[in-house]
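Subject: Structure handover and findings

Dear colleague,

Please find below the structure that I am handing over to you.

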Amino acid sequence: MECRNCNTEMRVLERGIYLIDQCEVCGHYNYHFPCNNHKMEYVKIKHRNNTLHLGKQCLNCGLLEGKALPKNTVENFENLPLIDEKLIKIREEGSSVREIFEELHNYQAKVSKESIINNFFIEHSKYLQSSKWKEKRTLVLKRDNYVCQSCLQETATEVHHKSYKFWKNEPLFDLISVCKNCHTEITRMSREGNHFLNF
């Protein structure tokens with residue numbers, strides 16, 4: 001199955017009784033029960049007070065019909081099997097809906113963030129080649145007398161963004177001159193702390 005967002009072939013995951021199609025590129029997902037043809041049968045459901053009620057359960061996947069039914073719906077209520085607790089346990093424990101959706105949501109958020117970051121780096125690389133950036137870079141280096149504003153010892157050869165709030169329209173106070181070693185270290189620390197995209 002292809003992803004409706006980006007036309008990438010989706011991977012199929014099994015989570016308990018759910019089958020999940022998920023795109024590894026954008027994180028989009030669909031979920032469904034592998035039981036596409038429910039075999040619903042009448043069963044007895046024992047409640048906490050030990051009273052028996054009539055219900056319907058799929059004998060393939062354990063799905064319970066939402067409403068309790070009047071016992072006189074069937075003629076042989078006493079002879080009906082009890083609800084299949086094993087199937088219920090598989091549904092409840094083997095496939096916690098909250099856990100499944102948390103996992104899917106987290107993956108989708110991670111992929112989305114990676115995509116945003118990758119797109120940013122592509123655009124930023126282009127921007128650094130523009131005449132607009134080169135002019136700003138020269139002004140900042142001159143303003144700082146080509147002295148690294150991080151260590152105040154080395155010659156500044158590069159210009160660092162303090163933030164990316166004004167990206168492509170930076171006021172000069174948001175840019176500082178740095179040497180190559182300091183720039184590398186500042187960038188590494190920012191990326192490790194996920195602070196480098198301060199939009």
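I begin with a lysine and a ring. Lys 168 lies over the face of Trp 167, with 4.8 Å to the ring centre. Please keep in mind that this is a predicted model. Lys 168 belongs to the loop between S6 and S7. Its phi is positive, about 75°, although the residue is not a glycine. For comparison, most residues other than glycine have a negative phi. Lys 168 counts as partly exposed because its relative accessibility is 30%. Trp 167 also counts as partly exposed, since its relative accessibility is 21%.

**The chain as a whole**

The protein chain has four helices and seven strands. Along the sequence, these elements follow the pattern β-β-β-β-β-α-α-α-β-β-α. Of the 199 residues in the chain, 31% are buried. Among contacts with a separation of 6 or more, 48% join residues 24 or more positions apart.

**Aromatic pairs**

How many aromatic pairs does a search of the whole structure find? The search finds six. One of them joins Phe 120 and Tyr 164 in an edge-to-face arrangement, at 5.3 Å centre to centre and with 85° between the planes. This pair links distant parts of the chain: Phe 120 is in helix H2 (residues 97-127), whereas Tyr 164 is in the loop between strand S6 (158-161) and strand S7 (175-178), 44 residues apart. Both Phe 120 and Tyr 164 are buried.

Another edge-to-face pair is formed by Tyr 127 and Trp 167, at 6.4 Å centre to centre and with 80° between the planes. Here too, distant parts of the chain are linked, with Tyr 127 in helix H2 and Trp 167 in the loop between S6 and S7, 40 residues apart. Tyr 127 has a relative accessibility of 6%, so it counts as buried.

In soluble globular proteins, nonpolar side chains tend to be buried together. The largest nonpolar core in this model has seven residues, namely Tyr 127, Trp 133, Val 140, Leu 141, Ala 156, Val 159 and Leu 175. Helix H3 (residues 131-143) gives the most to this core, with three residues. A second, separate core has six residues, including Ile 176, Cys 179, Cys 182 and Ile 186.

Leaving aside neighbours within four places in sequence, Tyr 127 is in contact with Lys 132, Trp 133, Lys 136, Trp 167, Lys 168 and Glu 170.

**Cysteines**

Cys 148 is buried, with a relative accessible area of 0%, and Cys 179 counts as buried at 5% relative accessibility.

Strand S4 (residues 40-46) pairs with strand S5 (residues 52-58) in the antiparallel sense, over seven bridges. The two strands form a hairpin with five residues between them, and Asn 50 in the turn has a positive phi of about 70°.

At 21% relative accessibility, Lys 56 counts as partly exposed. Leaving aside neighbours within four places in sequence, its contacts include Met 40, Glu 41, Leu 63 and Leu 69.

**One further positive phi**

Asn 145, in the loop between H3 and S6, has a phi near 55°, a positive value in a residue other than glycine. Asn 145 counts as exposed, because its relative accessibility is 60%.

Yours sincerely,
A colleague

Notes
Residues are numbered from 1 along each chain as its sequence is written. Side-chain values use heavy atoms; hydrogens and water are left out. Two strands pair if DSSP finds at least two bridges between them. Rings of Phe, Tyr and Trp (its six-membered ring) pair if their centres lie within 6.5 Å; planes under 30 degrees apart count as stacked, over 60 as edge-to-face and the rest as tilted. Buried means under 20% relative accessible area, exposed over 50%, partly exposed in between (1.4 Å probe, protein chains only). A charge sits over a ring if NZ of Lys or CZ of Arg is within 6 Å of the ring centre and within 35 degrees of the ring normal. A nonpolar core is a set of buried Ala, Val, Leu, Ile, Met, Phe, Trp, Tyr and Cys residues joined through side-chain atoms within 4.5 Å. Contact means heavy atoms within 4.5 Å.
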